[in-house]
Amino acid sequence: MFSMYVPILGLFALAAAFAVFSVAVAPFVGPRRHNRAKLAAYECGIEPVDQPLTGGRFPVKYYLTAMLFIVFDIEIVFLYPWAVANDALGVFGLIEMVVFIGTVFIAYAYVWRRGGLEWD
Amino acid sequence: MNLLAAAVPLTPLAAADQPTLEDFGTDVWWIVLIKILGVFVLLVLMTLFAIVFERKVVARMQQRIGPNRVGPRGYLQSLADGLKLAFKEDIMPALADKPVYFLAPVISAIPAFVAFSVIPLGPTVSIFGQRTPLQLTDAPIGVLVVLAMSAMGVYGIVLAGWASGSTYPLLGGLRSAAQMVSYEIAMGLSIVAVFLYAGSISTSEIVAAQADGNQLSFFGLEFTGPSWFIVLLPVSFVIYAIAVVGETNRAPFDLPEAESELVGGFHTEYTSLKFALFFLAEYINMVTVSALAATLFLGGWRAPWPLSLWDGANSGWWPLLWFFLKVVAALFVFIWLRGTLPRLRYDQFMRFGWKVLVPTALVWIIAVATMRTVAREADLTTGQVALFVGVPLALVILVGLAAVSRAANRATRLAALEAAAGSNHPTEPEPEVLPATGPRRRPTGGPSRSEGGFPVPPLDLKVPPSPRLRAREPVAPDGAVVATGRRGSTATATEEDGDDR
């Protein structure tokens, strides 16, 4: 039953081994010439004052995009089984899905109207 | 599962070589090992090939030759680059979050490899006497593996941007994440119609569903209709093609790596093999989405039409060739886009994804589902539905789109008209500008160079022919190459340089 997933795990293991090996071996293969400037963050001249690790700020728009992504991703989660079983579900399934997409569309239109999809 | 299988019968004409879901997960262990190793090597080789191929194709498009030194015709260039990267210093930035900084390239590379595991490369073949499908594995949820893995890849990018402890990578990583999740929606929606038609999410069954076209009867004429989903579902294919370009961060949607704004994007602070892993992941993702495009829309490993008339085309090892031809064609389109289109602005890009691709995909899904349900309930053939519903609908949509785009572009069109009429400024008259003076132009009015005019490069330079043509160009009797745009010693060239009077 689940034996068809085993090769995926195999490929995962091989890819992981390759990637971890590459990352682990890199410091030993390459040269090491210490230079303080080399270890500084990339910036032309002045050190960036607002460090990302200690709470660097970035636009709140990204959160909105993430939330919209979740809404539509869940919609997709419902769409896939429906699409596969469409022939068995018949007219009932179609109407149900049109109603569902319609409700999501209302939310979508609201977000659009309120400027949630603008990126300034 | 049995219920679905009964409700959605496979096409009866599917060849005996067509693997079904029962054929997977039954391989001997050493066959599985061979396949795993095969897919891994294949992906690495495809990456090496894709990089050289991209550089050479872009070079031709820009009238250059491209890499041609390392190996035969330069095809080992990317291998040399990879080895070089391995021997570069591995820098750990002082501000980086060490464990995450190490982990991010790994997280980025692993899903890239794993996503390819469900791509069907060919029919059932025999390897050392074992009958096995030419595909690592397949599952009832086949395509979901690809989608899940491409979603996992986002983590690698976000974490890389965050862990670098630097401003540009953070912004690049965030941009990349926002872009990938936005276009993942469009991509996920675009393939719903394919699942609808194929009645399955398993990649091998989707290929099987594209085996035979419907029998169409068109005013008494009987013929076999097209079976590839690119023909049956063109809108889905277009949305998919655009979405995966955004999903893989490729030009013209390569905003996370917009070097004029963000230096290198999320991998600015990475060097050595860690950087190479990101590079590898990006190109493997490109190969994977190309392979998925071939699987979902271009008939998978099945031979294209004129070749498919030959009986042996869809059995044995030949399909491997057709499959890779399709993948390379898709890769070429990726490269072509990069060579042709300028980068979009970020707001334009996000607007396009959320306001155009997503609603179009949703409307298209409803249209396809309605057509299919109506056809089934009313017992129409697909051809009739397409003729009576699809064609008028397509016309209405086309006219509507044309009207909308004309209205939207009205201002641009007016400005263009005015510019054509001689003014670059729609509101102001064109300011008086001294005509450019150059050594080659002999302007009648403005000051010449000797009178203090500003020297400009020669403006009447001819575009040289492409490097490929140059080899076959006629050679003049005195040995000089004619019309190459080189500054030669021929009489004509001297005559053109007549500004040293």
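## Confidence in the model

The model as a whole scores ipTM 0.89 and pTM 0.77. For chain A the mean pLDDT is 83, and 88% of its residues reach 70 or more. Within chain A, helix H1 (residues 6-29) has the highest confidence, at a mean of 89, and helix H2 (residues 36-39) the lowest, at 76.

For chain B the mean pLDDT is 78, with 77% of its residues reaching 70 or more. The pLDDT is below 50 over residues 1-14 of chain B, a stretch that has 20 contacts in the model beyond near neighbours in sequence. The pLDDT is also below 50 over residues 483-501 of chain B, where the model has 15 contacts beyond near neighbours in sequence. Where pLDDT is low, the predicted coordinates should not be read in detail.

## Chain A

Chain A contains four helices and zero strands, giving the pattern α-α-α-α along the sequence. Of the 120 residues in chain A, 18% are buried.

Glu75(A) counts as buried because 21 other C-beta atoms lie within 10 Å, and the cut-off for a buried residue is 20 or more. Between Glu75(A) and Ile95(A) there are 20 residues in sequence and 16 Å in space, taken from C-alpha to C-alpha.

## The nonpolar core

The largest nonpolar core has 136 residues, and the members that touch the most others are Ala109(B), Phe113(B), Ala186(B), Val194(B) and Ile365(B). Helix H12 (residues 272-297) of chain B contributes the largest share of this core, 19 residues. In soluble globular proteins, nonpolar side chains tend to be buried together.

Residues up to four places away in sequence aside, Val194(B) touches Ile206(B), Phe229(B), Leu233(B), Ser236(B) and Leu296(B). Leu357(B), in helix H15 of chain B, is buried because 23 other C-beta atoms lie within 10 Å. Beyond its neighbours within four places in sequence, Leu357(B) is in contact with Ala186(B), Ile239(B), Ile242(B), Ala243(B) and Phe352(B). Leu357(B) and Ala177(B) stand 180 residues apart in sequence, and their C-alpha atoms are 18 Å apart in space.

## Two helices of chain B

H4(B) has 18 residues, of which 13 are buried, so that the helix is mostly covered. From its first C-alpha to its last, H4(B) reaches 27 Å, close to the 26 Å expected at 1.5 Å a residue. A kink of about 25° lies in H4(B) at Ala104(B), shortly before the proline Pro105(B).

H6(B) is also mostly covered, with 24 of its 24 residues buried. The end C-alpha atoms of H6(B) are 35 Å apart, which agrees with the 34 Å that 24 residues should span at 1.5 Å a residue.

## Backbone angles of note

Most residues other than glycine have a negative phi, and most peptide bonds are trans. Gln63(B), which is not a glycine, has a positive phi of about 60°. The place of Gln63(B) is in the loop between H2 and helix H3 (77-86) of chain B. Gln63(B) is exposed because 12 other C-beta atoms lie within 10 Å, the cut-off for an exposed residue being 12 or fewer.

Ser272(B), another residue other than glycine, has a positive phi near 55°. Ser272(B) lies in helix H12 of chain B, and is buried because 22 other C-beta atoms lie within 10 Å.

Note on methods
Residues numbered from 1 in each chain as written. Chains lettered and ligands numbered in written order. Predicted model: local features only at pLDDT ≥ 70, side-chain atom pairs only at ≥ 80, totals over all residues. Core = buried A, V, L, I, M, F, W, Y, C linked by C-beta atoms within 7 Å. Contact = placed C-beta atoms within 7 Å. Expected span 1.5 Å × (residues − 1). Bend = angle between axes of the 7 residues up to and from the residue. pLDDT = per-residue confidence, 0-100.
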